[in-house]
Amino acid sequence: MIATLLFTLFIVIMLLGVPVGAALGLAGAAAIALANAETAWFGLLAVPQNFYAGLGKYPLLAIPMFVLVGSIFDRSGVAARLVNFATAIVGRGPGMLPLIAIAVAMFMGGISGSGPATAAAVGSVMIAAMARAGYPGAYSASVVGAAAATDILIPPSVAFIVYSVLVPGASVPALFAAGMVPGLLVGLALIAPAVWMARRHGMGAREADMPRPPFWRSLREAVWGLAAPVVILGGMRMGWFTPTEAAVVAVFYGLFVGMVVHRTMGVRDLFPILRESGELSAVILIVVSLAGIFAFSLSTLGVIDPVTQAIVHSGLGEYGVLTLIVLLLVVAGMFLDGISIFLIFVPLMWPIMQHYQWDVVWFGVLLTLMVAMGQFTPPLAVNLMVSCRIAGVSMEQTVRWVLPLVLAMGVVVLAVIVWPPLALWLPQALGF
């Protein structure tokens with residue numbers, strides 16, 4: 001009875017317009033109070049305890065740092081220099097600017113683990129360039145929003161950090177390595193429909209007449225941005241620093257590039273950067289802490305075990321259950337942000353993973369793929385919201401362009417399900 005009330009209250013509160021994090025906390029606190037009706041005030045002591053416990057985890061320290069890295073590289077002009085370098089390599093022509101947008105977003109994924117931050121950084125450069133070349137704003141916003149979704153797959157990744165905190169045995173280095181190949185495959189899968197749609201609809205007619213940047217000059221200007229993933233990921237692989245320490249190193253590297261090398265940032269720019277990243281980090285971490293209350297109520301009310309038994313004994317079989325999970329996550333991704341999906345569904349799915357003996361790293365990559373797809377699938381798509389705001393278009397206008405990109409990413413999801421080594425080969429090769 002109380003378990004039913006927990007989910008009903010959560011859904012009702014959320015539909016009333018209350019933020020997801022607050023809905024999780026309120027529903028969890030109400031369920032805890034009802035479960036301890038005779039000593040409700042004593043039982044509610046679990047609320048502040050679990051609020052703190054949700055945050056008191058060392059890997060979560062990396063989240064505000066990587067969010068700050070995204071803001072710093074957004075302001076430092078690194079994205080614009082990477083765009084010039086990519087243009088110098090692939091040249092001009094119909095469909096080339098969408099290809100460049102996706103390639104640069106993939107590369108930015110090796111610097112910042114935040115999709116919305118990359119959508120802002122790449123979108124501020126590419127959407128204007130694509131508009132000058134004759135691409136419709138809705139198409140440009142769709143491509144940039146989809147491209148930025150690769151960032152939570154290509155390390156470093158905020159999503160993988162949250163998953164590692166929730167799932168025992170899923171180390172951050174192993175998840176980072178496991179996301180690399182699927183992340184690259186997603187980028188390549190997005191390029192195909194993006195270029196095909198551009199050429200089929202005659203977009204970018206003026207692109208061929210635009211000047212091509214000189215190769216060596218653009219390489220020289222982009223070299224500091226190109227070196228960033230090498231410093232961050234190479235340092236972790238060599239054992240010089242942990243993923244959390246790598247985030248701090250990335251912050252100082254970005255400040256050095258922006259303030260000393262490119263000189264596009266000054267001391268006065270630090271306050272808005274810190275304020276912007278602090279606000280975004282606070283939102284993420286408050287959702288994490290409030291979800292800790294919800295997760296505690298799930299475990300103490302005995303909700304997880306009956307749900308697990310019902311799914312396992314449903315007669316669907318292992319792949320039927322996996323298909324059901326994928327469909328559930330696709331629908332959830334249309335309405336919830338990625339962090340909320342992890343915090344709500346991972347505690348429910350952990351016993352199912354144990355029952356079928358699924359590799360926790362592989363399942364983490366699969367779950368992150370679904371979350372990445374949700375980041376550019378209407379109606380609630382955080383990356384698409386950012387790119388639509390930059391392009392000045394409504395999200396409804398992007399639907400016809402987004403659907404082929406979603407289908408392309410679905411092919412990669414299917415490939416990772418059928419061939420788990422796509423995700424597991426690299427961490428095994430690196431000894432994680």
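This is a predicted model: local features need pLDDT of at least 70, side-chain atom pairs count only at pLDDT 80 or more; totals for chains, interfaces and linings use all residues.
**Burial.** Buried residues account for 54% of the 432 residues in the protein chain.

**Fold and dimensions.** I counted secondary structure next. The protein chain has 21 helices and 0 strands. I checked the radius of gyration against the globule rule. A compact globule of 432 residues would come out near 22 Å, and the protein chain has 22 Å, so the two agree. I also took the extents of the C-alpha trace along its principal axes, which are about 75 × 45 × 45 Å. For contact range, I took contacts between residues at least 6 apart in sequence. Of these, 80% join residues at least 24 apart.

**Charges.** I located the charges of the protein chain. There are 17 positive and 15 negative ones, and their mean positions lie 16 Å apart.

**Cores.** Which residues have the most contacts inside the largest nonpolar core? I found Tyr139, Tyr163 and Trp358, in a core of 141 residues. Helix H11 gives the largest share of this core, with 13 residues. I also noted a second, separate core of 5 residues. Among them are Ala29, Ile32, Leu290 and Ile293. For background, I recalled that nonpolar side chains tend to be buried together in soluble globular proteins.

**Valine 195.** Valine 195 sits in helix H11, which covers residues 172-200. Is valine 195 buried or exposed? I read 13% relative accessibility; the cut-off for buried is under 20%, so valine 195 counts as buried. Beyond four places in sequence, valine 195 touches Gly95, Leu99 and Tyr139. I checked the C-alpha distance to glycine 95. The two C-alpha atoms are separated by 4.6 Å, although the residues are 100 apart along the chain.

**Glutamine 357.** I ended in a loop. Glutamine 357 lies between helix H17 (338-356) and helix H18 (360-374). Its relative accessibility is 70%, so glutamine 357 counts as exposed. I looked up the backbone too. Phi of glutamine 357 is near 55 degrees, a positive value in a residue other than glycine. I noted this because most residues other than glycine have a negative phi.

Conventions
Residues are numbered from 1 along each chain as its sequence is written. Side-chain values use heavy atoms; hydrogens and water are left out. Helices (H or I, at least four residues) and strands (E, at least two) are DSSP runs, numbered from the N terminus. Buried means under 20% relative accessible area, exposed over 50%, partly exposed in between (1.4 Å probe, protein chains only). Contact means heavy atoms within 4.5 Å. The radius of gyration is taken over C-alpha atoms; the globule rule is 2.2 Å times the number of residues to the power 0.38. Lys and Arg count as positive and Asp and Glu as negative; His and the chain ends are not counted. The place of a charge is taken as NZ of Lys, CZ of Arg, CG of Asp or CD of Glu. A nonpolar core is a set of buried Ala, Val, Leu, Ile, Met, Phe, Trp, Tyr and Cys residues joined through side-chain atoms within 4.5 Å.
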